[in-house]
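Let's take a walk through this structure together. Have a look at it first, and then we'll go through it part by part.

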Amino acid sequence: MSDFFEVFGLERRLAIDVAALQRRFYELSRRWHPDFHQAAAPAEQARALEESARVNAAYRALRDPLARVEYLIRLEEGRATREGAVVNPKAPPALLAEMFEIQEALEARGDSLDDGTRATLTVQRDALRARMAEAEAQIAGPLSRAWDAAAAADRPAALAALKDALATRAYLRTVIDDLANALGEGTEETHVANRRD
Amino acid sequence: MSRIVGIDLGTTNSLVAYVDERTGLPVVIPDRDGRRLLPSIVGFTPDGVLVGEAARRQLARRPADTVYSVKRLMGRGWEDVKDELRYFPFRVLPGEGVVRLAVGGREVTPPEVSAIVLRTLKERAETHFGEPVEKAVVTVPAYFNDSQRQATKDAGRIAGLDVVRIVNEPTAASLAYGLHRLGQGVIAVYDLGGGTFDISILRVKDGIFEVLATNGDTHLGGDDFDRVLMLWLLEDVQARHHRELDRDCVELARDGEAMQELRLAAEAAKIRLSTEIERLLEPLVSRTLGPCRQALADAGLTPSDIDQVVLVGGSTRVPLVRRRVQELFGKAPHSQLNPDEVVALGAAVQAQILAGGIKDMLLLDVTPLSLGIETLGGIVSILIPRNTTIPTSAREMFTTSVDGQTVVDMHVVQGERELARDNRSLARFELRGIDPMPAGMPKIEVTFLIDANGILQVQAREQRTGKAASIEVKPTYGLSDADVERMVEESFAYAEADVEARLLIEVRNEADTVLTHVERAFRQAGALLGAEERKAIEAAVAALRRARAGDDRDAIRERTSELNHATEHLAEMMMEAALKGALDTKRADEIMGRGSSREQ
């Protein structure tokens with residue numbers, strides 16, 4: 001079966017022209033969407049349904065730079081299904097001390113936060129958000145370009161760098177979510193699907 | 001390809017529409033009296049089933065046997081709805097699985113009640129076209145889960161309609177607006193109906209309507225507005241009469257008749273808005289803003305990215321709703337198309353796309369809720385995240401945990417919570433016929449596919465042998481195929497009896513209308529008639545009264561037509577007098593400097 005890059009007639013590269021991808025997605029949708037095969041024979045209808053589901057999955061995996069990296073890692077590691085996470089959240093060594101501090105503050109807070117703690121946590125959360133944005137920019141920018149440019153022999157190293165950066169980002173995301181919850185900013189329900197980790 | 005109609009099966013009103021081949025535009029099909037909306041109300045009487053306006057009229061008289069807002073009960077269990085049951089005057093039976101109502105001496109499920117509404121619309125379309133109509137696109141709130149969608153499809157089947165597509169209401173509305181060339185860009189559709197709220201964010205480009213995110217609340221709508229106002233009116237009554245009234249209106253709730261009077265009064269009061277009413281509605285309107293923000297976040301957008309806002313649903317007529325929406329998105333919302341009709345018009349457009357009549361438009365919708373399976377410890381493992389474009393599929397490997405195990409269970413849920421028990425249970429699947437092997441050896445690949453209707457299909461295959469595994473589905477809140485088959489058969493039996501009863505009621509109503517008119521005319525102008533003519537009319541009135549007391553439809557119809565004939569001259573005289581009167585009034589109005597044609 002063709003991979004998601006091949007669905008769009010693309011090479012296996014992380015640099016993608018998103019506007020062109022969208023145009024191609026619309027073209028393929030017009031080709032395969034079940035709406036246009038309503039009067040067809042059952043076998044053809046089933047094919048349209050399958051192809052259209054595949055086009056949608058491919059577009060979802062490739063349109064977002066981070067999802068694209070996650071998909072590439074799966075593909076390179078030969079994992080066909082989306083079973084299990086691509087990476088496990090991992091604290092960046094440089095931030096360990098700071099993270100412990102935050103975790104401690106969170107655990108000690110009890111039910112209500114005093115204004116001082118609240119202000120400190122807010123500052124920390126904003127700093128972590130900035131750091132996460134930075135990590136995302138690294139993944140989508142230089143690290144992705146490095147994988148695209150790497151010779152075959154250097155690709156495993158480039159892939160490992162991407163995985164590391166994704167693990168850091170996933171960790172930051174978890175801490176930010178915990179902080180937001182502690183600050184009472186989380187919605188009443190946890191949106192599992194929102195998490196990219 | 002045979003004809004496909006578009007149906008908006010609403011909480012309060014339902015409509016049927018189609019695309020006129022000559023103009024290429026969607027139009028609503030009215031009933032014989034020119035009414036476009038069919039109240040989604042079904043009355044169960046000893047004489048048969050009443051639908052729409054006729055059922056609405058008996059609501060206050062026979063509250064226990066008249067079902068309204070049944071859409072709120074579709075695809076739900078007793079546990080889900082027990083808190084609001086005290087507001088419904090009809091009886092809902094406690095029990096497992098699908099909700100059951102006890103009305104008019106029989107037991108019915110919500111899909112069967114909806115089927116009665118659908119059948120009425122089907123007949124309306126058949127009368128219009130003069131040929132059978134067997135296929136329909138039916139709309140549902142975007143935030144409807146799998147069970148609610150399936151229940152809607154079942155309702156169609158019971159009504160003898162092949163529901164070729166379930167379409168989300170806000171996206172249907174966007175199709176109707178799209179046809180009017182509202183333009184390209186990012187559109188937010190805010191849909192507040194009688195019982196449900198939806199927000200959908202779409203990108204419209206080159207004829208493709210791509211839904212980016214959707215959110216909502218399937219239990220928030222005009223009905224809740226009415227309820228808040230009803231409680232307020234109750235308090236008012238209490239204050240005026242210094243009477244002890246239970247705030248939870250348990251006492252009044254038992255008095256179904258009074259409750260219905262009150263509900264209708266509340267509905268009327270809502271339309272005549274005041275500041276006091278806005279204060280009461282504010283918390284409900286605010287509840288719609290959270291889903292709007294979540295949908296924006298899921299689409300990766302901010303309010304300023306939205307190019308246009310479209311309002312759908314009768315409840316968006318409330319000025320407070322318009323103000324809040326405008327504040328949130330920072331731009332004035334569109335509401336050029338009638339908010340009561342726009343969804344049906346959009347359904348007709350989608351029907352025309354499916355029939356091959358429109359080739360340049362395509363709707364790419366999403367699944368509103370994440371789909372997952374329960375894993376060890378009751379944690380949900382998400383297979384298909386919410387806002388994934390449909391159709392979509394996910395594959396998952398399953399194996400056995402005990403040596404020689406031949407059956408594997410799966411519990412499929414829908415929702416955003418981490419624990420299975422906090423989400424919506426869709427169904428339990430049993431994979432059977434696995435060859436006995438050591439634990440962990442069998443590899444069963446299960447494909448979860450959400451089709452273009454937003455409805456789940458599951459297939460399983462043993463990987464080593466490539467053999468399809470058999471799956472038994474136990475829907476948590478759905479009807480089994482056998483249930484639906486039985487209901488289809490029953491509906492035919494009832495339908496025949498129902499049609500007889502309805503036709504009798506209709507001719508009686510017609511007779512009543514004629515009698516009322518004739519009697520009034522006779523009082524006003526009888527003195528101007530000759531003795532001969534007066535006697536003839538009196539005889540015809542007496543004959544019709546006698547016929548009306550019986551069950552013979554043809555006799556009633558003949559006597560009605562004879563009375564009509566006998567009063568032709570009288571009617572002409574009345575018409576002349578009315579015309580003359582209207583002219584006189586107009587002249588008076590002009591003299592006084594008022595426009596006579598303007599309302600109010």
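## Before we start

A residue counts as buried if 20 or more other C-beta atoms lie within 10 Å of its own, as exposed if 12 or fewer do, and as partly exposed in between, with the C-beta atoms placed from the backbone. Keep in mind that this is a predicted model, where local features need pLDDT of at least 70, side-chain atom pairs count only at pLDDT 80 or more, and totals for chains, interfaces and linings use all residues. Residues are numbered from 1 along each chain as its sequence is written, while chains are lettered from A and ligands numbered from 1 in the order in which they are written.

## Chain B

With the cut-off for burial in hand, we can say that 45% of the 600 residues of chain B are buried. Chain B has 16 helices and 25 strands; helices (H or I, at least four residues) and strands (E, at least two) are DSSP runs, numbered from the N terminus.

Two residues are in contact if their C-beta atoms, placed from the backbone, lie within 7 Å. Take the contacts in chain B between residues at least 6 apart in sequence: 69% of them join residues at least 24 apart.

## Domains of chain B

Domain bounds come from an automatic or database domain assignment. For chain B, this gives domain 1 (4-222 + 285-364), domain 2 (371-479) and domain 3 (483-590).

The C-alpha centres of domain 1 and domain 3 of chain B are 35 Å apart. Their contact takes 10 residues from domain 1 of chain B and 9 from domain 3 of chain B. On the domain 1 side, β6 (48-51), α3 (110-129) and α4 (146-158) of chain B are the elements giving two or more residues. Sorted by class, that side has 5 nonpolar, 1 polar and 4 charged residues. Here Ala, Val, Leu, Ile, Met, Phe, Trp, Tyr, Cys and Pro count as nonpolar, Asp, Glu, Lys and Arg as charged, and the others, Gly among them, as polar.

## Chain A

Chain A has 7 helices and 0 strands, so its pattern along the sequence reads α-α-α-α-α-α-α. Of its 197 residues, 25% are buried.

## Where the chains meet

How many residues of chain B are in contact with chain A? There are 29, and they touch 22 residues of chain A. On the chain B side, α12 (342-354), β17 (362-364), β19 (380-384) and β20 (392-398) each supply at least two residues. β20(B) gives the most, with 6 residues.
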